[in-house]
Amino acid sequence: MSSQNTPLAYVRKEMLEQQPAPRGQVGVAKWMRENLFSGWFNTALTLVSIYVIYSLLKAVLPWAFGGVWTADSLQECRTILNDLHGNTHYACWAVINERWNQIVYGTFFPSSEYWRTHIAFVLLILAILPVLFDALPRKMLWITAVYPFLMVWLIWGGTIWGPVSVALGFVLAYMASQFAGRSLGSGLTGLIAVAVALIWWFFIGPSVTSGLNKVLPLLHLQEIQSRELGGFVICVIIGVSGIALSLPIGIVLALGRQSDLLIVKTICVGFIEFIRGVPLITLLFTASLLLNYFLPPGTEFDLTLRVIVMVTLFSSAYMAEVIRGGLAALPKGQYEAADALGLDYWKAQRLIIMPQALKISIPGIVNTFIGLFKDTTLVFFIGIFDMLAAAQAIRANSAWNGITWELYIFIGLIFWICCFAMSRYSQWLERKLRTDHR
Amino acid sequence: MSQAIEREIDRSHMTVSDEVAIQISNMNKWYGEFHVLRDINLTVNRGERIVIAGPSGSGKSTMIRCINRLEEHQQGKIIVDGTELTSDLKNIDKIRSEVGMCFQHFNLFPHLTILENCTLAPMWVRKIPKREAEETAMHFLEKVKIPDQAHKYPGMLSGGQQQRVAIARSLCMKPRIMLFDEPTSALDPEMIKEVLDTMIELAEEGMTMLCVTHEMGFARQVANRVIFMDQGQIVEQNEPEEFFNNPKSERTKLFLSQILGH
């Protein structure tokens, strides 16, 4: 149309093919130049950093790897080190080897019953796996459903009837909700289900259980008191229970906080703000000391259970705020689209809102989980014999008096492995769930 | 703004019946102190294709959002398909499942595939088995000409494709009325046409449609009635020919001169 002679006009005759990037703009060389040696200052920083890392490793690696793994006391360990190296500037890992049982199971757990924790641990892995990876067969979720009751029976012992009775409460509640749901609204159905479960747990269940215990003491295991639990075992029990329970409670609290119903909203806001405003250690002391004053005399409320309740409530308040952040990040259009399609509140929450809000909140949720897991060490202060208490006891013992680094490094490493695993899993999950492709 | 619509429109099914689909009488709405909708009276018969135009802030979106109660009205009556909209949640959900809606920003569910977006409501609201819901979904995805994208996620599609999926998603509920809230306002010019074509096809099948849009070409070709709103009120309504060629109110004339003037 316009002539080629005018300087403004231009017509491309053929489209260009894609060309490879120039050499030096890709690969290791580019990365090093950009990240390590991009100027004289960065080059200097890089060299200084390399020197610092080198000196650290030079000090730590021989100490760690030159250590002794078998000895019965610090004295013996030092003798061996003196024979080997001529000095004692090396680690005494032997303490972990020798006091392994105390660190893992606690001081008072009867050693004849260690096998029960092993089975519980293997089953725990089997119960968690289908929750974490949806590629696994969905039937494995039955293990997850049964696991809490199985775990209680395996750890605390007694006959199978106690846990079965508790599980039966849930089953009865489910059946009642199915039955009532046919004719009643969802709110009333929920109330009836809860009432049925409570009646079973507090009035009918206990007498049935004690009757069955006398007549048919099926699968009786040696009973173990909460005071006898300890070490890594109690840490996992409290940590996993807290994690598993705080997420659903946190979701409910977050939804309650956004509710239009004034009373529900006030209760949720009050709960969250109160729990967040109080240190966890205060709640734990309340659980261990004060709670018994408020309960009717004669009610026995297990210490571990009380601690789990407090830890769960504490982190569910944080969880609620994390999830509220995810809810706030969702565009209003998602709620409107769900409404416009005729989905009711619960279906919209379950199918549209929560999957997206939880996905957004994954980093915050895992942050709370990790915090909770590490906070389990606080039970040390209310007299539960966790790993830190075990370390304290080992150091107070004459055989290992004077040892510090090796014990705490080992305990720290256990926590680090668990927390790092959670962190990596959450990153993997985030990548897997990313569907926006931007 | 208007897009040229090349092909001839098949008007054989575009018939307006006497049956009333939506009746709005003396409806008022306030946002706090602000009187956003003032004394709206509108009767929509089955098969009508109504385009609602007006300057921004005139309350046109708010009005159609009142029809499926995304917005609550404070005075007056809205009767949709014989059911009055009150705070009764059962009625609201019933009406919402009968009335499809398309939004300016599509509002597809980004965590679900295209197919899942389309089958979700039929499966969970209508309780249709998955197989059947998927067949229906594929049927409507074919209709909007994107069956090959069924297993992709919304984020991988262009805006025009997303809006067509949103239309298909609404159609999967087999609605009797469709509401469009500025369906082409967020789209590139190249994509507006593909969405309008889909809407025209829908009109040709006799769907009752209320469209808030600035596409005056679409209004001229497809609508049987154009409504002009300003300051929360219905200022003028007429057949498209008359509305565009012979507007009565000064406000309408000014609006049309601005929207068609460039």
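This note sets out points on side-chain contacts, surface and annotation in a predicted model.

1. Basis of the note. Residues are numbered from 1 along each chain as its sequence is written, and chains are lettered from A in the order in which they are written. In this predicted model, local features need pLDDT of at least 70 and side-chain atom pairs count only at pLDDT 80 or more, while totals for chains, interfaces and linings use all residues, and side-chain values use heavy atoms, with hydrogens and water left out.

2. Side chains of opposite charge can pair when their charged atoms come close. The whole structure holds 27 salt bridges over all chains (a side-chain nitrogen of Lys or Arg within 4 Å of a carboxyl oxygen of Asp or Glu). A:Arg276 takes part in a bridge with A:Glu273 at 3.4 Å, N to O, and in another with A:Glu321 at 3.7 Å. A:Glu273 and A:Arg276 are 3 residues apart in helix H11 (residues 262-276), about one turn of the helix; helices (H or I, at least four residues) and strands (E, at least two) are DSSP runs, numbered from the N terminus. A:Glu321, by contrast, lies in helix H13 (residues 303-329), 45 residues from A:Arg276, and that pair links distant parts of the chain. A:Arg276 is partly exposed at 32% relative accessible area, whereas A:Glu321 is buried at 15% (buried means under 20%, exposed over 50%, partly exposed in between, with a 1.4 Å probe and protein chains only). A network of salt bridges links A:Arg257, A:Glu273, A:Arg276, A:Glu321 and A:Arg324.

3. A salt bridge in chain B. B:Arg225 and B:Glu48 meet at 2.8 Å, N to O. B:Arg225 belongs to strand E9 (residues 225-230) and B:Glu48 to the loop between strands E2 (34-45) and E3 (49-53), so the pair ties together parts that are 177 residues apart in sequence. B:Arg225 is buried, at 14% relative accessibility, and B:Glu48 is buried at 6%.

4. Aromatic pairs. There are 19 aromatic pairs over all chains (rings of Phe, Tyr and Trp, the last by its six-membered ring, with centres within 6.5 Å; planes under 30 degrees apart are stacked, over 60 edge-to-face, the rest tilted). One of them, A:Phe373 with A:Phe415, is edge-to-face, at 5.6 Å centre to centre and 65° between the planes. The former lies in helix H15 (residues 345-375) and the latter in helix H17 (residues 405-433), so the pair ties together parts 42 residues apart in sequence. A:Phe373 is buried at 5%, as is A:Phe415 at 9%. The rings of A:Tyr425 and A:Trp428 are tilted, with centres 5.8 Å apart and planes at 35°; both residues lie in helix H17. Ring pairs also link A:Trp63, A:Trp69 and A:Trp93 into a cluster.

5. B:Met178, in strand E7 (residues 177-181), is buried at 0% relative accessibility.
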